[in-house]
Amino acid sequence: MVNRAVLAHRLFTGISRRHLGCLVEELAMPWQAGLEGRRHAARGGARKRAAGAGARHRLVFVDRLVATLIHLRHDLPHSVLGLLFGVDRSTITRAITEVRTLLAERGCAVPDRPGLRLRTLADVFAYAQAEGIELRLDATEIQVRRPPAGRGGRRAFVSGKKKQNTMKATVIADWRGRTLWTDALRPGRMHDATAARNEGIAVCFQHFPDVEVLLDDGYLGLSRDHRGQAITPPRKPRPGALPSRVEQWERDRHAHSSDRITVEHALADHKRWKQLTRWTHRRDRLPDTYRAIANLISDRCTTA
């Protein structure tokens, strides 16, 4: 059996031992409750033996959590993790499936607000309006495996920008590049603005009129529909414009890009995790994986 503290410190470089302990305290009870709920459903009623009787877990919850963190960070195969922890591959697979879901449901941490987590787009807008924060929003694409020939919706994953089969994630960060929210991933063919609209951003703009969001040129439609809130780069002057007008446009464009660059840094931070450089597993597992990684990164950024 491996030393889980050494694994967490040496292999999973994005987490400290203190952070690991906080995760154990936060997730152990929900995991145990879910386990007992599944057992109750399988039995069809209350247990007939006293608590504590029966087989013991060969892989305790802390080891399940560490195995999941290592898999998310380094994308080690389940069979290799099984050898490290001295259990069967199927045990690792089941543990990762359970813990990854718990990590995805936590929501993103809020700087200087212990215990407060943002899970929906409305939560982010409410937080931004209450704290007077200017948001940055952008989308990123992750390459996925090509769906089998003949399967419905096969073309939906073909990205016109990347010329690959991708899935698209929309991410919101603050002025320091700290991740505040990420959506349910969409097929790569979907436009960036359409993906944001499908998450209900128009309703959030309506209910939180004081919130401003910095965007790139891919969200010009949102800028047209929500002027003063969805802020895109200034439009280029027409040919023949005065040199002073062109110089002013260059300064404004550079200032907007400098303010919005922090969300690009947040996306780059996500892509440092090997699983998000190229997704080689089942596509239906990518949304939970991305949210779990974003939530873990947000924990680290709260102390930055």
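Glutamate 141 lies in strand 3, which covers residues 135-143. Helices and strands here are DSSP runs numbered from the N terminus, with at least four residues of H or I for a helix and at least two of E for a strand. The model is predicted, so local features need pLDDT of at least 70 and side-chain atom pairs count only at pLDDT 80 or more, while totals for chains, interfaces and linings use all residues. Residues are numbered from 1 along each chain as its sequence is written, and side-chain values use heavy atoms, with hydrogens and water left out.

Glutamate 141 is buried and yet has no salt bridge. Buried means under 20% relative accessible area, exposed means over 50%, and partly exposed is in between, using a 1.4 Å probe and protein chains only. A salt bridge is a side-chain nitrogen of Lys or Arg within 4 Å of a carboxyl oxygen of Asp or Glu. The nearest side chain of opposite charge to glutamate 141 is lysine 168, at 4.6 Å. For charge, Lys and Arg count as positive and Asp and Glu as negative, while His and the chain ends are not counted.

Contact means heavy atoms within 4.5 Å.

Now for the chain as a whole. It has eleven helices and eight strands. Along its principal axes, the C-alpha trace spans about 85 × 50 × 40 Å. There are 304 residues, of which 46% count as buried. Among contacts with a separation of 6 or more, 65% are between residues 24 or more positions apart.

Two of the helices show how packing is described. For two packed helices, the description consists of the angle between their axes and the distance between the axes. Helix 4 (residues 78-85) and helix 5 (residues 89-104) pack at about 105°, and their axes are 8 Å apart. This angle makes helix 4 roughly perpendicular to helix 5. The axes are lines fitted to C-alpha atoms, for helices over the stretch in contact, and angles run from 0 to 180 degrees between N-to-C directions. Angles under 35 degrees count as roughly parallel, over 145 as roughly antiparallel, 65 to 115 as roughly perpendicular, and the rest as oblique. On the helix 4 side, His78, Ser79, Leu81, Gly82 and Phe85 meet Arg89, Ile92, Thr93 and Ile96 of helix 5.

How many salt bridges does a search of the whole structure find? The search finds 20. One of the salt bridges links arginine 178 to aspartate 174, with the closest N and O atoms 2.8 Å apart. Both of these residues are buried. Another joins the side chains of arginine 186 and glutamate 199, at 2.6 Å from N to O. Arginine 186 is in strand 6 (residues 186-187) and glutamate 199 is in the loop between helix 7 (192-198) and helix 8 (201-207), so the pair ties together parts that are 13 residues apart in sequence. Arginine 186 is buried, at a relative accessible area of 19%, whereas glutamate 199 is partly exposed, at 23%.

A further salt bridge, of 2.8 Å from N to O, is formed by the side chains of arginine 282 and aspartate 284. Arginine 282 is partly exposed at 46% relative accessibility, and aspartate 284 is partly exposed at 49%.

Some loop residues remain. Aspartate 112 is not a glycine, but its phi is positive, at about 65°. This residue lies in the loop between strand 1 (108-109) and strand 2 (117-118), and it is exposed, with a relative accessible area of 63%. Lysine 163 also has a positive phi, near 60°. Its place is in the loop between strand 3 and strand 4 (166-173), and at 67% relative accessibility lysine 163 counts as exposed.
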